[in-house]
Amino acid sequence: MPKQKIKEKKPKRKAAAEAPEKKFKIYALLRGMHDVLPREEKYWKLLYHTAENLAEHFQFSRIETPLLEEANLFIRSIGKGTDVVDKEMYIFEDRDGNKVALRPEETASAARAYIMHGMWNMSQPVKLWYWGPMFRYDRPQAGRYRQFNQAGYETLGDGDPSADAELILVAHNFYKDLGLPVEIHINSIGVPEERQRYKTALVEYYRGKRSYLCDDCKQRLNKNPLRLLDCKQERCQPVKEDAPQIIDWLEEESKNHFTKVLEYLDELAVPYILRSTLVRGLDYYTRTVFEVYPVVGDTETPTYVGGQQSALGGGGRYDLLVQEMGGKPAPAAGFSLGIERSVSALKQYMDANQIKPPIQKFDAYLAQLGDHARRRALKAINELRNSGLKIDYNFSKNSLKSQLEAANSLQVPYALILGQKEVQDGTIIIRDMESGVQEIVDQKKVENVLKKKLSWFDDDKKK
Ligand code: HAM
């Protein structure tokens, strides 16, 4: 047998060199998903702290529920026929064949937790707050994502109008604390029997005007008549303007409840706009419903940007939900705020009014020069951190000039400078960033000297 020549495979150098470009796919985001990048962090932190602070003041306890729940939890509570359930839920079967859903909102989960953990046995009301991602397979556009975040507050076990007013006050305070002007739109949609009678009257009215309606409204007329009131099409506006108003279909008890909520708001000086067409898109609401809208433009000439799309948040009373989910009857109310929309509205407002975003405040900037100094610097930063001082630094910068420039742009009051000589002597330079005056201090004393300069010991407490 002739000897077969075994061909040695030569490494394809050129191809290998080109490989990174050809072989590796750069992944894009799924449609409707987005990253929150470090440059956005200051706004997110600000919103989170504002939400947490309000929860503390108004005594809402934090609840965290799973992102994934039984699909029926949302179908039953939000309701078949709503856009969220019919079109927007991420539903799939898990490996055991259970029908599960990524939560499109958290009110249903909070009610489930209230029932499941016997919270109705605790002193009422139970006030819960949450912050986290929700999922809706909606058509993505500006301010509308498939994964977005909400901060929410729920008061379970309290049917008094004061609970509605307290929640609206929290929503109002949230934007007031952020310095973002908003409008609160409010309405009452009554209890199911009142709403049913109203729907009949509404359908009767709209049927007579069918030929003037847009195609969507013609469908809404049969499928979900209350959504007729949400229509933004110009041709439907004259019909909408003369439509019967739900408030006229409310009985004494619902009317009284609503009047009391409004009286509370007047007393609290929380401004609101009565909007008779506000009905909300989820089925569980009874009586009070409200939404928050941004007011854009500069402070002199603010302009309201209406429309469903730009609602920053919304909520209302849902007295029957707990009972309908198998719990002991417990009236409840709540609201959620969209974080992405709130961040975007806040940025827009700050830009229009030339307001600078908040910057993270550091007590000092540590500048280092050379290898030895860098090693000592990391230790010093850790020691100062343990004593409660917040020190900024950047080890990729080597020149003193660029480090002092960084300190300057961070607006820190002091820079700590550590060079080879200081490492040898066991000292460190403290530079007053405003006056430029420098002082050499013993490294062991730097913590105390710095705290004294920062007035930490005045009033015998940290600043
Ligand atoms: P919602 O009106 O469906 O209410 O959502 C509240 C807020 O979440 C909206 O006003 C909006 O800012 C934000 N949001 C909703 N969908 C999206 C989206 N696709 N992309 C970005 N942001 C969005 C609820 O979720 C109820 N659970 C509120 C509630 C709490 N009612 C009683 N308690």
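Author: Two strands are taken to pair if DSSP finds at least two bridges between them. Strands (E, at least two residues) and helices (H or I, at least four) are DSSP runs, numbered from the N terminus. This is a predicted model, in which local features need pLDDT of at least 70 and side-chain atom pairs count only at pLDDT 80 or more, while totals for chains, interfaces and linings use all residues. Residues are numbered from 1 along each chain as its sequence is written, and side-chain values use heavy atoms, with hydrogens and water left out.

Consider the sheet in the order β2-β4-β3: it is open, has three strands and is paired antiparallel. Its edges are β2 (68–70) and β3 (90–93), each of which pairs on one side only. Direction ignored, neighbouring strands of this sheet are turned by 35° against each other on average (axes are lines fitted to C-alpha atoms, for helices over the stretch in contact, and angles run from 0 to 180 degrees between N-to-C directions).

The antiparallel partners β3 and β4 (residues 99–102) are joined by four bridges. Across this pair, Y90 faces L102 of β4, and E93 stands opposite K99, also in β4. Helix α3 (residues 71–78) packs on the sheet and touches β2, β3 and β4, its direction making about 70° with that of β2; contact here means heavy atoms within 4.5 Å. Between β3 and β4 the hairpin has five residues, and there G97 takes a positive phi near 85°.

A second open sheet has five strands, in the order β14-β13-β15-β16-β17, with mixed pairing. Its edge strands are β14 (391–392) and β17 (438–442); each has a single partner strand, so one side of each is left without a neighbour in the sheet. β17 runs antiparallel to β16 (residues 427–432), to which five bridges join it. In that pair I430 is found opposite E439 of β17.

Two helices lie across this sheet. Helix α16 (residues 446–453) lies across β13, β14, β15, β16 and β17, and runs at about 140° to β17.

The peptide bond from Q124 to P125 is cis, with omega near 0°, and P125 lies in the loop between α5 (107–116) and β5 (126–135). A269 is not a glycine, yet has a positive phi of about 55°; this residue is placed in the loop from α10 (252–268) to β8 (273–274).

The ligand is surrounded by 25 residues, of which E105, T107, Y145, E154 and Y285 are the closest (a residue counts if one of its heavy atoms lies within 4 Å). By class this shell has ten nonpolar, nine polar and six charged residues. Ala, Val, Leu, Ile, Met, Phe, Trp, Tyr, Cys and Pro count as nonpolar, Asp, Glu, Lys and Arg as charged, and the others, Gly among them, as polar.

A polar side-chain atom of Y285 lies 2.6 Å from a ligand nitrogen. The backbone contributes too: an N or O atom of G313 lies 3.2 Å from a ligand oxygen, and one of G334 is 3.4 Å from a ligand nitrogen. Of the 660 Å² of accessible area that the ligand has on its own, the protein covers 94% (Shrake-Rupley method, 1.4 Å probe). The elements that give two or more residues to the shell are β6 (147–156), β11 (313–317) and β12 (332–338). β12 gives the most, with four residues.

Methods:
Polar contact = N/O pair within 3.5 Å; in protein donor to acceptor, adjacent residues only side chain to side chain.
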